[in-house]
Amino acid sequence: MQRISRPPRINWQQSVESQGMAYHTIDDEPYWDETACYRFDGAEIDLLEDATNELQERCIEAAQHVIDKDLFDKLQIPPHAVPLIVDSWERDEPSLYGRFDLAYDGHTPPKLLEYNADTPTSLLEASVIQWFWLKDLYPDADQFNSIHERLIEAWKGMRIGSTVHFSCVADAPEDFGNLEYLRDTAIQAGLTTSQLFMNDIGFEEVAGRFVDLEDRPIDLMFKLYPWEWLVNEYFGRKLATARMRLIEPAWKMLLSNKGLLAIMWELFEGHENLLRAGFEAGPFRDNYVTKPLLSREGENVTVHRNGQVHEVEGSYGGKAPVYQQLAQIPCFDGNYPVIGSWIVAGESAGIGIREDRQLVTTNASRFVPHYFN
């Protein structure tokens with residue numbers, strides 16, 4: 001694993017925009033960053049793929065354990081959401097995708113930082129943008145990336161007969177870019193789709209159904225919107241009786257909850273791809289991280305390192321945390337990369353890399369492409 005500095009392509013902005021990425025620059029700072037890239041060898045890629053598949057299997061076992069032992073309270077999942085989770089699990093409702101965040105240095109086994117199992121983003125850049133970057137600059141090299149093809153096959157495998165509505169919040173360019181990309185993969189799979197924003201979803205009280213702007217029933221919807229928000233909103237409570245299926249399914253509330261890190265450590269203590277984690281601070285004297293059970297983009301993550309404390313501000317504070325051993329994230333010229341390893345339809349499908357000059361990956365962290373040979 002090497003970090004290589006290199007000049008960006010001339011007119012790279014126009015290039016990525018033509019491929020659908022309008023959010024390449026955030027707050028006047030580059031988000032898509034091709035002034036560097038990462039090079040791997042084949043053995044390192046094999047290791048990342050195997051670790052990702054291994055972690056997916058362990059997560060599914062841990063989710064089953066939560067259901068069997070009725071541990072929802074440990075994850076602070078509200079009681080009214082439990083029937084939704086159990087029902088979707090027992091009906092084996094299909095999952096489309098997810099993203100493991102891994103610490104990896106090219107020498108020691110990848111370690112799981114967390115699982116973005118419900119609303120992962122940075123998908124378009126991982127699937128499409130870095131692929132065209134590879135074809136432009138390293139046409140003889142390869143890339144760990146079959147995300148696009150896997151997504152199309154995953155949609156086909158769901159055997160969907162109705163229109164799929166796609167929804168996210170309005171005024172969120174990155175979310176909308178990811179949503180439209182996913183919608184395009186569904187169209188390429190032969191599905192009929194429609195797009196609307198979350199605030200445009202209606203509910204017909206008499207029929208007990210969610211409807212779109214043309215009063216058409218919404219039978220199946222892909223939502224780029226967190227489950228924990230849905231189940232705590234007024235209309236979200238109606239999901240228990242409305243005839244609408246969602247992607248990702250409700251059982252993903254178990255995998256996206258950072259408390260699962262502690263559950264997994266209890267079940268698989270010492271696993272080479274896991275970091276020590278728990279619900280209590282006692283075992284963690286120094287060099288550890290606290291994370292809210294539910295948070296995104298590194299918000300409210302606190303790093304305890306060699307007696308110093310660094311906290312990322314956010315809107316998820318005041319909630320019970322999970323404690324996790326501090327990962328040894330490698331430092332390349334002051335940059336800390338985190339591997340985003342994608343799961344599509346339950347299997348490893350490729351990686352993207354975010355890097356930052358601090359240990360915590362946040363919304364402002366840059367996406368850096370990769371190749372291997």
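## A stacked pair of rings

F367 has a relative accessibility of 1%, so F367 counts as buried. Here buried means under 20% relative accessible area, exposed means over 50%, and partly exposed lies in between, with a 1.4 Å probe and protein chains only. W32 also counts as buried, because its relative accessibility is 0%.

This is a predicted model: local features need pLDDT of at least 70, side-chain atom pairs count only at pLDDT 80 or more, and totals for chains, interfaces and linings use all residues. Residues are numbered from 1 along each chain as its sequence is written, and side-chain values use heavy atoms, with hydrogens and water left out.

## Aromatic pairs

How many aromatic pairs does a search of the whole structure find? The search finds 19. Rings of Phe, Tyr and Trp (its six-membered ring) pair if their centres lie within 6.5 Å; planes under 30 degrees apart count as stacked, over 60 as edge-to-face, and the rest as tilted. The ring centres of W32 and F367 are 5.7 Å apart and the planes meet at 15°, so this pair is stacked. W32 sits in the loop between β3 (29-30) and β4 (36-40), and F367 in strand β20 (residues 366-368), so the pair ties together parts that are 335 residues apart in sequence. Helices (H or I, at least four residues) and strands (E, at least two) are DSSP runs, numbered from the N terminus.

F176 and F197 make a tilted pair, with 5.8 Å centre to centre and 40° between the planes. F176 belongs to helix α6 (residues 173-188) and F197 to the loop between β8 (193-195) and β9 (202-204), so this pair ties together parts 21 residues apart in sequence. F176 is partly exposed, at 31% relative accessible area. F197 is partly exposed too, at 24%. Elsewhere, one aromatic cluster is formed by Y97, W155, F166, F222 and W342.

Just after α5, R159 takes a positive phi of about 50°.

## A five-strand sheet

An open sheet has the order β13-β17-β14-β15-β16, with antiparallel pairing. Two strands pair if DSSP finds at least two bridges between them. The edge strands are β13 and β16 (308-311), each pairing on one side only.

Strand β13 (residues 277-278) pairs with β17 (residues 321-325) over two bridges. There, A277 stands opposite Q324. Strand β14 (residues 288-292) pairs with β17 over five bridges, and P292 has P321 as its bridge partner. Strand β15 (residues 302-305) and β16 share four bridges, with V303 opposite H310.

## The nonpolar cores

The largest nonpolar core has 67 residues. Such a core is a set of buried Ala, Val, Leu, Ile, Met, Phe, Trp, Tyr and Cys residues joined through side-chain atoms within 4.5 Å. Among the residues with the most contacts inside it are F40, W227 and I339. Helix α2 (residues 42-69) gives the most to this core, with eight residues. A second, separate core has 43 residues, including M21 and Y31.
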